[in-house]
Amino acid sequence: MTALHDAPPTAAEPRPPAAPPGSRRPGPAVVRTVLTYLALGAVAVLVLVPFAWMVSSSLKRDNEVFTVPIQWIPDELQWSNFVAIWDRIPLLTYLGNSAFLSVTITLLQLLTGSFAAYGFSKVRFPGRDALFLAYIATIAVPWQAYMVPQYIMMQQADLTNTYWSIILLQAFGAFGVFLMRQYYMSIPDELCEAARIDGLSEYGIYWRIMLPLSKPALASLALLTFVNTWNDYMGPFIYLTSNELWTVQLGLRSFVGQYDAEYAMIMTGAVLSVLPILAIFLVGQRYFIQGIATSGLKG
């Protein structure tokens, strides 16, 4: 005890000087985040290059579209292209036809896809999973394999050169059923069981419980279906022969001649046809991203 009290006090060890602000090296997580954002930015730029070229070409003359090297900003902007195209072709009629088909087919696919998905996810019956796998397997069958039989069926039913041929063929989609089923699987079965105990029918459960809870998935399916129908070329090309029934994709073909094509006008029409899709995506992008992100929680 005496030795402990008699020991001289030791001086405190000097501490290293504090690093000045901003001199710390970034951690691995920060570096990975920066590299990830740089990679995503580079991919976004690559994706937007064709759209930038399309807008640039719509403001040029025909002989300036394919100049080498590419002149992104022409010397003289041809804003008159966006005025002349309405006089060259009945563009308003084509846009209206595309809108009618896109809206009609989208609504039908939302109805049929969500209703079938409810049966495959929340209703138990023998062979349910096998039937679902067989139905989803049709996605792997190329459209060219059954294109001719479909046309023969529509021709015998006297539905060619009418919108009914396209509507009936595209009102049902295996992808929509798959997307909605994956989302329904993330909804607890206890909700449906409680509704059945309370006396609610299967149709009531579908309409009053499942549909209100699946707005993100419905928005995703609606956007994907609308874009696919709006951009469809082969379907209207095969079944629609009257000019007054053409969609905007067929209408732009009017600028393609036997020996040449008016590429500036084609790009002008393409820009105008993209605007409705862009507006719809900007309005529903929150639901679209949420629906895509949550549709694969369970399988």
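This tour goes from one selection to the next through a predicted model. Local features need pLDDT of at least 70 and side-chain atom pairs count only at pLDDT 80 or more, while totals for chains, interfaces and linings use all residues. Residues are numbered from 1 along each chain as its sequence is written, and side-chain values use heavy atoms, with hydrogens and water left out.

**Stop 1: the H9 and H10 pair**

Select residues 189-197, helix H9, and residues 202-213, helix H10. Helices here are DSSP runs (H or I, at least four residues), numbered from the N terminus. The two pack at an angle of about 145 degrees, with axes 10 Å apart. Axes are lines fitted to C-alpha atoms over the stretch in contact, and angles run from 0 to 180 degrees between N-to-C directions.

Now show side chains. From H9, Leu191, Cys192, Ala195 and Arg196 meet Glu202, Ile205, Ile209, Met210 and Leu213 of H10. Contact means heavy atoms within 4.5 Å. By class, this contact has 7 nonpolar, no polar and 2 charged residues. Ala, Val, Leu, Ile, Met, Phe, Trp, Tyr, Cys and Pro count as nonpolar, Asp, Glu, Lys and Arg as charged, and the others, Gly among them, as polar.

**Stop 2: salt bridges**

The structure holds 7 salt bridges. Each is a side-chain nitrogen of Lys or Arg within 4 Å of a carboxyl oxygen of Asp or Glu.

Stay on H9 and pick Glu193 and Arg196. Their side chains form a salt bridge (3.3 Å, N to O). They sit 3 residues apart in H9, about one turn of the helix. Another network to select is Arg61, Glu64 and Glu76, joined by salt bridges that share partners.

Next, select Lys122 and Asp189, a salt bridge at 2.5 Å, N to O. Lys122 lies in helix H4 (residues 91-122) and Asp189 in H9, so the pair ties together parts 67 residues apart in sequence. Lys122 is buried at 7% relative accessible area, and Asp189 is partly exposed at 36%. Buried means under 20%, exposed over 50%, partly exposed in between (1.4 Å probe, protein chains only).

**Stop 3: backbone in the loops**

Most residues other than glycine have a negative phi, and most peptide bonds are trans.

Go to the loop between H6 (143-156) and H7 (163-170), and select Asp158. Its phi is near 60 degrees, a positive value. Asp158 is exposed, at 64% relative accessibility. Asn161 is in the loop between H6 and H7, with phi also near 60 degrees. Asn161 is partly exposed, at 25%.

Finish at Pro69, in the loop between H2 (28-58) and H3 (81-88). The peptide bond from Val68 to Pro69 is cis, with omega near -5 degrees.
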